[in-house]
Amino acid sequence: MELDPYLDPGKVTYNERVRALTIFGAAVRQGLYGNCQQTASGTVSTAISAVGQEIAMAGGSDFNPVKISGTNKFLHPIDRMLKGFRNEDPATVKKLPIEVDVPELLVKCAAKEGATAQEKRVADLTLVAFYYLLRVGEYTSRYRNSKEKTNRGRSGKKKRKKKTVNFRVSDVTFFKKDGRGRLRQLPSDASAVDIMSADGATLLLTDQKNGWKNVQITGHAKLCPVRALGRIIVDIRSFTTASTEWLSAFQGKKGTQHVTPKDVSRALKAAARELKYEEERGIPIDRIDTHSLRAGGANALSLAGFSEHQIQKMGRWRSATFKEYISDQLSNFTDGMSKAMSTTFQFVNIAAGTLRDVTGALAPAAA
């Protein structure tokens with residue numbers, strides 16, 4: 001099909017444009033641009049939208065060949081095609097929340113002799129992700145040996161910056177109590193001894209998805225997430241002085257490497273299998289994945305007595321989607337779940353140099 005690459009309406013008829021775009025959509029659907037497996041309707045929609053936006057940007061005009069002029073709606077034939085794909089898509093199987101015992105088991109295993117640097121980093125990151133309700137893209141890298149393969153696409157143009165960005169060493173701040181019991185910030189060059197004896201730690205949100213710039217969400221505890229963050233920072237400092245290094249970094253056999261989402265997923269499934277999640281709790285292993293940490297953290301807070309508003313604030317959800325985790329799945333958990341979250345872990349917001357409690361007084365644990 002010999003067509004103008006920009007699908008210029010002065011050179012390409014409407015029918016030709018629609019035919020080209022629907023053929024492209026069908027090819028994406030069949031997986032011809034990937035692993036030759038059928039893709040979801042959302043993937044097709046994203047691919048077509050990307051083509052339209054790329055053409056609009058390259059042409060230097062407001063003309064988007066995939067949208068109805070002056071609107072954000074797909075051309076009618078494309079819209080009908082996508083609706084057909086959605087009807088054919090299998091029902092979405094939601095991932096189920098896990099309890100804190102999964103990341104805790106990983107940390108215990110990582111503390112044993114012979115554990116690799118990768119296993120240690122994965123374990124600590126899962127614990128931090130559970131308590132801080134992190135998205136997987138905030139603490140892992142898509143690539144093993146580098147943060148990103150390249151910052152440019154095939155056309156040579158810079159890739160668009162993603163909304164969810166990774167936490168860096170410089171985003172972590174530790175706090176210790178003074179003689180009056182007040183949290184005092186440790187300097188950025190604090191010693192390993194001070195870091196590992198800290199009473200609190202914050203993660204600075206910088207352009208995070210649905211986040212608020214320069215807002216710090218703090219986990220205040222003597223154990224678990226603060227110690228996990230401490231181990232991560234101390235270890236990263238042992239092989240680099242770069243404050244921009246991602247928390248996913250570890251020193252592997254090939255130098256600096258990164259934890260990937262697949263690493264976290266495999267570890268969670270293995271730990272859940274060891275804890276007999278499927279046999280004793282009725283939670284299939286194939287329904288446990290990286291999102292189970294974030295969902296599990298939200299569940300732990302709910303069972304500890306926190307309100308939906310408080311949980312939404314901690315998880316940085318702008319919509320009510322998080323309620324799916326704390327309503328539909330509660331039957332999978334025991335009343336005594338996650339004592340660490342209900343009794344020793346207090347979420348605090350530190351902004352503009354002041355200490356302000358986000359969630360209020362700790363609610364009593366469920367009986």
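Which side chains meet in a salt bridge with a 3.1 Å gap, N to O, when you select arginine 281? The model is a predicted one. In it, the side chain of arginine 281 meets that of glutamate 99, at 3.1 Å from N to O.

**Stop one: both ends of that bridge**

Start with arginine 281, in helix H9 (residues 277-281). Then select glutamate 99, in the loop between helix H3 (76-88) and helix H4 (101-110). Arginine 281 is partly exposed, at 22% relative accessibility. Glutamate 99 is buried because its relative accessible area is 10%, and the cut-off for buried is under 20%. The whole structure holds 15 salt bridges.

**Stop two: aspartate 178**

Select aspartate 178 next. Which arginine forms a salt bridge with aspartate 178 at 3.3 Å? Arginine 182 does, counting from the closest N and O atoms. Aspartate 178 is partly exposed at 24%. Arginine 182 is partly exposed at 39%. Arginine 184 is partly exposed at 42%.

Salt bridges that share partners also join another set: Arg29, Glu88 and Asp89 form one network. Select those three together.

**Stop three: threonine 126**

Move to helix H5 (residues 117-132), where threonine 126 has its place. Is threonine 126 buried or exposed? Threonine 126 is buried, with a relative accessible area of 0%. Show what surrounds it. Leaving aside neighbours within four places in sequence, threonine 126 is in contact with Pro103, Leu106, Val264, Leu268 and Leu293.

**Stop four: a hairpin**

Last, switch to the cartoon view. Select strand S5 (residues 249-252) and strand S6 (residues 255-258). How do the two strands run, parallel or antiparallel? They run antiparallel, and four bridges join them. S5 and S6 form a hairpin, with two residues between them. Pick out one pair to finish. Glutamine 251 has threonine 256, in S6, as its bridge partner. While you are there, look at which way the side chains point. In a regular strand, side chains alternate between the two faces of the sheet.

Conventions:
Residues are numbered from 1 along each chain as its sequence is written. This is a predicted model: local features need pLDDT of at least 70, side-chain atom pairs count only at pLDDT 80 or more; totals for chains, interfaces and linings use all residues. Side-chain values use heavy atoms; hydrogens and water are left out. Buried means under 20% relative accessible area, exposed over 50%, partly exposed in between (1.4 Å probe, protein chains only). Contact means heavy atoms within 4.5 Å. A salt bridge is a side-chain nitrogen of Lys or Arg within 4 Å of a carboxyl oxygen of Asp or Glu. Two strands pair if DSSP finds at least two bridges between them.
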